[in-house]
Amino acid sequence: MFKPFRTAAVLGAGVMGSQIAAHLANAGLTVHLLDIPGKTEKKNEVVETAFKKALKLSPPILFTEKTARRVILGNYDEHFHHIADVDWVIEAVVENLGVKQQLMARLEGVIREDAIVSTNTSGLPIHAIAQGRSESFRRRFLGTHFFNPPRYLKLLEVIPTTDTAPEVLKRMQWFAELHLGKGVVVAKDTPNFIANRIGVYATMLALRAITEQGYTIEEIDTLTGTIVGRPKSATFRTADLVGLDTLMYVADNLYPAIPHDESREVFRVPQLLRKLVETGTLGTKTGQGFYKKQGKEILSINPGTLVYEPAKPMNLGDIEALHEIHDLKKRLHILYQLPGRAGDFFRQSTLDLLGYSARRIPEIADSPAEIDRAMRWGFGWELGPFEIWDALGFETVLADMKTASIPVPEWVERMQLEEGTRQSVFYQGAISPTEEADEINLDVVKADAKRTLWHNPEAALLDLGDGVVLYEFRSKGNTLSLNVVNGLIEVLDILETSDFRGLVIGNDSDNFSGGANLAEMGLLAQTGNFQAIANLIVKYQSLLQRIHYFPKPIVAAINGRVLGGGCELVMACPQVVAAAETYIGLVELSVGLIPGAGGILRIVTWAADRAATETPHHIQPFLQRAFETIGMAKVSNSAYEAQELGFLSPTTKIVMNADHRLSVAKEEVLCLEQSGYIPPPERNAIMVLGRPARVMLEHAAYVMHLGGFISEYDNYLAKKLAYVMTGGELTAPALVDENYLLQLEREAFLPLLQQPKTQERIAHILKTKKPLRN
């Protein structure tokens, strides 16, 4: 077992340095962020200005506002000696070899003998930066290439030199994966390492398609976006976000650095990109790049005239129909066979990219898995190049490459399909290239039919082993549909009468749950079947109460968005394992409702428990904060903030790496069961504050309405929320039981669903995926 880093220093407070320091602070480290001294008497001016700017970035770089206290700002003149006390030093200064080498020489005279030093360079040779340093220094030196933004992009390329000690590399891999939540890929000390080498190649192929093949910017972004399992920003919106000057800089530096690359001409910067940069058209940071927003219209640049024009109709055939195919591998297979311009581009660019990726082994990586992981984790691709190759058919792609005269390396030529058919060739039957021994891979679990113990069309009960079972949502958006709710009731019946030790509620999706199935509820409302809705609310409240007081341990394993009814489900679970990147909230007011399945009950209980005493003036501040949080449909920025907001309990286990949440949840079930699990005691005396507190909450909403921050209907909803949170018609503070608050929730929920404005909000969010503030 390695010793975790507890202190670090980041040298350079630029865009990357400030964000790396912030994420180390997120992980609990004390971090010294240093930069050059200011030219005035205020020596910290440079670092303070840079960090202040970073704190304004969206999405936020810190888990909570308090996390910033763990970042200590300083300058090289007055605070360089602090480096002598840290476990890890990360250099993130300007991309200049001489500057970095001078800094390393200065570091060597200050750091501890056991301190590790790394560089965040994205293009310079790692070994050259430590040139001239002692053997002891070079053994503790390596590259750690974070991707921007460091908090949110999972990839960390770790680049050892020939001098790096094996134990230093292993410690860095262990710490980054477990404590920073990173997907670590060990890269070779080659130009641009793995992800940028392949990613920039793909970008340059797309650039040539608009300058040489007559495709429009919109057509290429359509063909390199979500339809092929890549981010919505696709190619050119991503380039605008990164900065066209940055893209050109990377390509200009890469081209001369790879003289032996048979495809290096692809990296020669096209004149279009060079002209845009020369004219100061750099992307989002200058307000225009490949795209420009003019009023509400998005224009794109004409590659010939450099004039921004409205998007022209795309000539890609019925490409939108492919979006209805949810299976990505099936969608890619159909697109690959498609005639016309869409299929032509996808086939040509895919074959080119797959061939290039294969030819880079073993130059930049030793295996297909390393390249696939780098592209999935660094560029947000759902499938890496070799996973795509498998999906399209190994022999089909290989034959088409030969037909297109695309060079194929010998190691690929030697591969042959075994007898019969295999899902994967490059992974020798493995289902996922990201599978780790200490993770629960649900694809592997589901591949064994014996481990599916029960299922319906939108949920399943899976055997995780050791007497622990998992209830997995499979509904669209992981919503709490009728199938999911009824299925969970059945599963609890099974659990209560079986020898299973406990239950995990979770899934392997990017988002735990989108909340109630609004389409089902909206349909019932439109047909006037309000009794069915009333019955559903009672059923869901009863289910969550049953979960809360269930005799066996139930642990929710969550990550990503956990909204509305999904939040209420999690709040009902006695124990939770949450990925740090969990965004949870009671957002019902955004669709014209209030929480109706125990969310208000639990947040009111939280407010009373947080207060020093049960006196109203102690409880009121916490109730006020909860009222504002729910009223504004606030979603937490992280699991840590969710604890501050009352959505997660202080006992929540928070893991930095979301891939570990299911295995940690399973261990939590076992730990609770082995320690003699007893469900929480029933709450028959909850302090609610009555009419005086309700008046204060209503006044706060009224002031927000007068200020134009909320609509008139929002104010109406806030009054309903205040009514339930303070105990209804109670004229003074009183102790009530859980059923009293649950009944208030039900009584307020159903009439709201009958309101036209609420139905408008539901229809709008189902159509646009965006809330309506009518």
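This is a predicted model: local features need pLDDT of at least 70, side-chain atom pairs count only at pLDDT 80 or more; totals for chains, interfaces and linings use all residues.
Figure 1. When neighbours within four places in sequence are left aside, the contacts of G283 are D240, L244, Q288 and G289. S18 lies 265 residues away from G283 along the chain, and the C-alpha atoms of these two residues are separated by 22 Å.

**Figure 2. The open sheet of eight strands.** The strands of this sheet follow the order β3-β2-β1-β4-β5-β6-β7-β8, and their pairing is mixed. At its edges are β3 (71–75) and β8 (183–186), each of which pairs on one side only. From one strand to the next, the twist averages 25 degrees. Strand β1 (residues 7–11) and strand β4 (residues 88–91) run parallel and are joined by four bridges. Within this pair of strands, A8 is found opposite W88 of β4.

Figure 3. Helix α7 (residues 166–178) lies across β4, β5 (116–119), β6 (141–146), β7 (155–160) and β8. The direction of α7 makes an angle of about 155 degrees with β8. Helix α15 (residues 368–379) lies across β7 and β8, and runs at about 140 degrees to β8.

**Figure 4. Helix α16, enclosed by the rest of the structure.** Why is helix α16 (residues 385–392) described as largely enclosed? Eight of its eight residues are buried, so the rest of the structure largely encloses this helix. These buried residues are P385, F386, E387, I388, W389, D390, A391 and L392. They pack against the helices α13 (328–337), α14 (340–359), α15, α17 (394–403) and α18 (410–413). After α16 comes G393, which has a positive phi near 105 degrees.

**Figure 5. The open sheet of seven strands.** This sheet has mixed pairing and the strand order β12-β13-β14-β15-β16-β17-β18. Strands β12 (452–456) and β18 (653–655) stand at the edges; each has a single partner strand, so one side of each is left without a neighbour in the sheet. Neighbouring strands are turned against each other by 25 degrees on average, direction ignored. Three bridges connect strand β17 (residues 575–585) with β18, and these two strands run parallel. V577 is located opposite K653, a residue of β18.

**Figure 6. A nonpolar patch on the surface.** Y702, V703 and L706 form this patch, and together they have about 300 Å² of accessible area. L706 belongs to helix α28 (residues 690–706). Is L706 buried or exposed? Its relative accessibility is 59%, and L706 therefore counts as exposed, because the cut-off for that class is over 50%.

Methods:
Residues are numbered from 1 along each chain as its sequence is written. Side-chain values use heavy atoms; hydrogens and water are left out. Two strands pair if DSSP finds at least two bridges between them. Axes are lines fitted to C-alpha atoms, for helices over the stretch in contact, and angles run from 0 to 180 degrees between N-to-C directions. Contact means heavy atoms within 4.5 Å. Buried means under 20% relative accessible area, exposed over 50%, partly exposed in between (1.4 Å probe, protein chains only). Patches are made of residues with over 30% relative accessible area and no salt bridge: like charges are joined within 9 Å, nonpolar side chains (Val, Leu, Ile, Met, Phe, Trp, Tyr) within 5 Å. Accessible areas come from the Shrake-Rupley method with a 1.4 Å probe; for residues, only the protein chains shown count as cover. A salt bridge is a side-chain nitrogen of Lys or Arg within 4 Å of a carboxyl oxygen of Asp or Glu.
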